[in-house]
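User: I would like to learn how to read a protein structure, one feature at a time. Please take me through some examples.

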Amino acid sequence: MEKISDVTCLFCGVTCDDLEVFVEGDTIKEVKNACILGKATFMNHKADVAIPRIKGKETSIEACIEASAEILSQSHFPLIYGLASTECNAQRKAIELADLIGASIDTTSSVCHSPSLQAIQTVGDSTCTLGEIKNRADLLVFWGCNPAEAHPRHFTRYSVTPKGYFVPRGKKDRQVILVDVRKTPSAKAADQFIQIRPGSDYEVLTAMRALLKGEELEVEEVGGVPISTLKSLLEKLKTCKFGSIHWGMGLTMSRGKHMNVMALLLLARDLNRFTKVVASPMRGHGNVVGIATVLTWQTGYPFAVNLSRGFPQYNPGEFSSVDLLARREADAALIIAADAFANFPRAAAEHLSRIPTIAIDAKESMTTKIATVVIPTAQAGISAPGLAYRMDHIPIPVKKVVDSPYPSDQEVLKRIIEKVRSKLQNRV
Amino acid sequence: MLKIINGEVYDPLNGINGGIKEICIRDGKIVDEVPNTAKIIDASNLVVMPGGIDIHSHISGLKVNAGRGLRPEDHRRMVIPKTRITRSGTGYTIPSTFATGYLYTKLGYTTVMEAAVPPIGARHTHEELNDTPMIDKGCYIVLGNNEFILRYLQKGEYEKARDYTAWLLNATKGYAIKIVNPGGVENWKYGQDVSGLDDKVNHFDVTPRQILTALAQINQDLHLPHGVHIHCNNLGVPGNYRTTLETLHALEGKRVHLTHVQFHSYGGENWSGFASKAPEIAEYLNQHPHATIDVGQIIFGDTTTMTADGPWQYRLHKISEKKWYNSDVELESGCGIVPYVYKEKNFVNAIQWAIGLELFLLIKNPWQVFMSTDHPNGGPFIFYPYIIRLLMDKNFRDEMTKRVHKRVLKDTVLPHITREYSLYEIAIITRAGPAKALGLTHKGHLGVGADADIVLYPKLENKEEMFERPVYVLKEGEVILQEGQILKDWTGKTIFVELPENKAFQNEIRDDFEKYYTVEFSNYPTGLETFARYESVKVSI
């Protein structure tokens, strides 16, 4: 058995890079240091592997690439979507393809943390890399997120328990507060749990900003939380040395969306008049931060980018995938390393099954089931190396640990681009 | 093979000042002669210069990309459509990567140095630079608030600080040492700053002065090709010229480059007393050839300010009330981003504008002062031709001086300066000088052996038009731009230093590294496989 060290896990935005993977031939035998989600990702690398096919009929990868190139070069308004569970070189190629064919390109953030991105575009953010939290944070607030289940090693690697340079006793030097609409398993790690009424995040956060400014509120509670509790939370935030607030989809995908996040960002910003306070989104299924990063450096925008006029345009609502599909505007779709069909609202998902849809994925999914063309690929982070971004935008190299019979996402996209290019040239 | 004939050549490193001279090119380099079969470019009525070299620009990295992410409204002001050869992109103050390469090429710039890279973000910077076509590039690694360095200095372990620096430059594939607000950024991590060279850095019991002198010494002892590249303490603060002069005094005898000195040449005790101290700074530089500077000229209009100087950016956010992005970088650095609008009729902005020009015009030796807007902090680099016109055309400068806030006429010496730059001097401050200061011996000139990075400008009376319309740009002897059209999507090289290392010492770095970082030691260095093309500059000690 061969041992491979310092392996990066692409499952979530914690992007642990300390895994030990034991392999024999093309099989992973054992994984150490990973959480339950990471371990399952590696150990099940041979399960549900996709099969190359066109209209349900098994065929060669080459034929699938040719069919994809044909669909995309014929399309008038193609959509490229997904790109979370792959690495950055494939993401680069996907944007190059979008530029070439004048596609809309969008990522899984579109139905996840895009309101966070919009909120940051509006008011900015006071944030830091995760090591700053590890080395300094003496107060941690988790708001509308559940790291214990969604980002299992966040607590032990970065936030709650690690011993840091300025917090040498680890958890003993920190206070942890969880704010959520229900008591999740994350509450076990917290010194205090504050339960708020569903849908009241904006109200609670705005009330806190008012209290911070010295306003007296003529109510006894906001969002189900007594004013005295909010005041004591504020006092903790004002008097800590380094406060770190983390938010999740509890804010981004409940009523108010980016307004909720803005309220939190503004509270964090206001708190900097008293002490150091940072706020960070708990991002990341897979390498979703990677696609936002590469898309931003290549086009200026992090998601919902349209290239049909020959240059990048950005407009969530107009160019975000769910909207494009629900309005039946896209006439072909390329879904890469994501399960659009399973995650989209019905009207959008249904349109995907109406138009020619190409799925590039290591695994079978709801999307591959309805796709016209299915191209299986080597799974990034297991059978394809490259680059990934952690939730705090730190780049981490990604290793390959076992071979796959299939080409990587990057390779498949490269070959599609070559074919599309020659088709477009022949047409002119 | 190629021969450029009949051109009026400006090649200051070889003392050529406007003479008609043939330039021969073979295999990407300039050579003595080429056979008669060589292709010929007739440069009659054209000015021939080495490709431009930007010694200080923020074009790539965590901070730059965070800036792009923060400002969708900025990108709508300039869109760059794809062509059959080039990729699409957006401007305006923080262009996308492809656009950055094309826009620099359209000005005749062929080499650009990214000025501030936190080591943990080096991999990101290099990945972005791979997607920045046309130009050669390199990056400076920020060290002035690095907690390894602070700890070594606290314990008086100079040799360890030196060996760590060598390891880090190799690991990050950096080109030079950068210092940003030494000590201040570390203090900012708990919401504070330093106010001068002798303040204490929290928890480390060292001073900015100690950091500056140690890193300048390390720079010297490692024989790095560029001097230590410094963004002084107290950027933007009225009265900060004293800190700037103290910094220069403290580093006398060392090779030093102070960057965006316009932002560090302010008099007055508060904003209402804000005044130019450019004459004092220029006077010092005129007496002390050990130092070079770039200016950081401001351009009126909207821009995006971004720097590792977190505490200053928080102050600017409070002054401007614009949105504020901050990201502190573990053990290493910080980052702050704030949009800002420089206004002609705002007296502080107008005086800032005048200070930049005064520095250009009062520093007598053009080999000591280089073109920069500290892109995009003072304004986008695409305005370099406008600055060139201000320097070469006294009448144009006077018109502008009358247009801006009246205190420029009243309170600065700018209106009384009659100097006009010559083409030869422009060639120094935009290519020959930066090449020399960077130790890039094969760039910035047209002598035999140099990289054939060459630009041909039209000879026009209006110097702004002249410098924004190169007729040809050549990279390694290939014509990559002609008459404003990009002909090749060229892949430039990334340039970095390669230093001898104390291998035994790596284990000690590793121990501390594993305790406090959040990435694995083996995943931290950027390997050669990252680069599309590279050139390593071997440095022997």
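Predicted model: local features only at pLDDT ≥ 70, side-chain atom pairs only at ≥ 80, totals over all residues.

User: How many aromatic pairs does the structure hold over all chains?

Analyst: A pair of aromatic rings is described by the distance of the centres and the angle of the planes. Rings of Phe, Tyr and Trp (its six-membered ring) pair if their centres lie within 6.5 Å; planes under 30 degrees apart are stacked, over 60 edge-to-face, and the rest tilted. Over all chains, the structure holds 36 aromatic pairs. Take B:W167 and B:F521: the ring centres are 5.5 Å apart and the planes lie at 5°, so this pair is stacked.

User: Where in the chain do B:W167 and B:F521 lie?

Analyst: Helices (H or I, at least four residues) and strands (E, at least two) are DSSP runs, numbered from the N terminus. B:W167 is in helix α6 (residues 158–172) of chain B, while B:F521 is in the loop between α18 (506–516) and β28 (534–538) of chain B; the pair links distant parts of the chain, 354 residues apart. One aromatic cluster is formed by B:F148, B:Y152, B:Y164, B:W167, B:F505, B:F513, B:Y517, B:F521 and B:Y524.

User: Are B:W167 and B:F521 buried or exposed?

Analyst: Buried means under 20% relative accessible area, exposed over 50%, and partly exposed in between (1.4 Å probe, protein chains only). Both B:W167 and B:F521 are buried.

User: Which charged end sits over the ring of B:Y190?

Analyst: A charge sits over a ring if NZ of Lys or CZ of Arg is within 6 Å of the ring centre and within 35 degrees of the ring normal. The charged end of A:R136 sits over the ring of B:Y190, 5.1 Å from its centre. In chain B, B:R389 lies over the face of B:F396, at 3.8 Å from the ring centre. B:R389 is among the buried residues of α13(B), a helix (residues 384–392) with nine of its nine residues buried.

User: How are two helices compared?

Analyst: Two packed helices are described by the angle between their axes and the distance between the axes. Axes are lines fitted to C-alpha atoms, for helices over the stretch in contact, and angles run from 0 to 180 degrees between N-to-C directions. Angles under 35 degrees count as roughly parallel, over 145 as roughly antiparallel, 65 to 115 as roughly perpendicular and the rest as oblique. In chain B, the axes of α9 (residues 241–250) and α10 (residues 278–287) come within 10 Å and cross at roughly 10°. Therefore α9(B) and α10(B) are roughly parallel to each other.

User: What about helices from two chains?

Analyst: Helix α12 (residues 288–299) of chain A and helix α1 (residues 62–70) of chain B have axes that come within 9 Å and cross at roughly 80°. That makes α12(A) roughly perpendicular to α1(B). Contact means heavy atoms within 4.5 Å. Here A:T293, A:T296 and A:W297 of α12(A) meet B:N65, B:R68 and B:G69 of α1(B).

User: Which residues does A:Q121 touch?

Analyst: Leaving out residues up to four places away in sequence, A:Q121 touches A:P302, A:Y314, B:G69, B:L70, B:P72 and B:K323. A:Q121 lies in helix α4 (residues 114–123) of chain A and is buried, with a relative accessible area of 7%. By contrast, A:F274 is partly exposed, at 44%.

User: What can be read from the backbone?

Analyst: Two items are the peptide bond and the angle phi. A cis peptide bond joins B:G91 and B:Y92, with omega about 0°, and the bond from B:H375 to B:P376 is cis, with omega near -5°. Phi of A:D6 is near 50°, a positive value in a residue other than glycine; A:D6 lies in strand β1 (residues 2–7) of chain A and is buried, with a relative accessible area of 14%. B:E483 also has a positive phi, near 50°, but counts as exposed at 58% relative accessibility.

Conventions: Residues numbered from 1 in each chain as written. Chains lettered and ligands numbered in written order. Heavy atoms only, no water.
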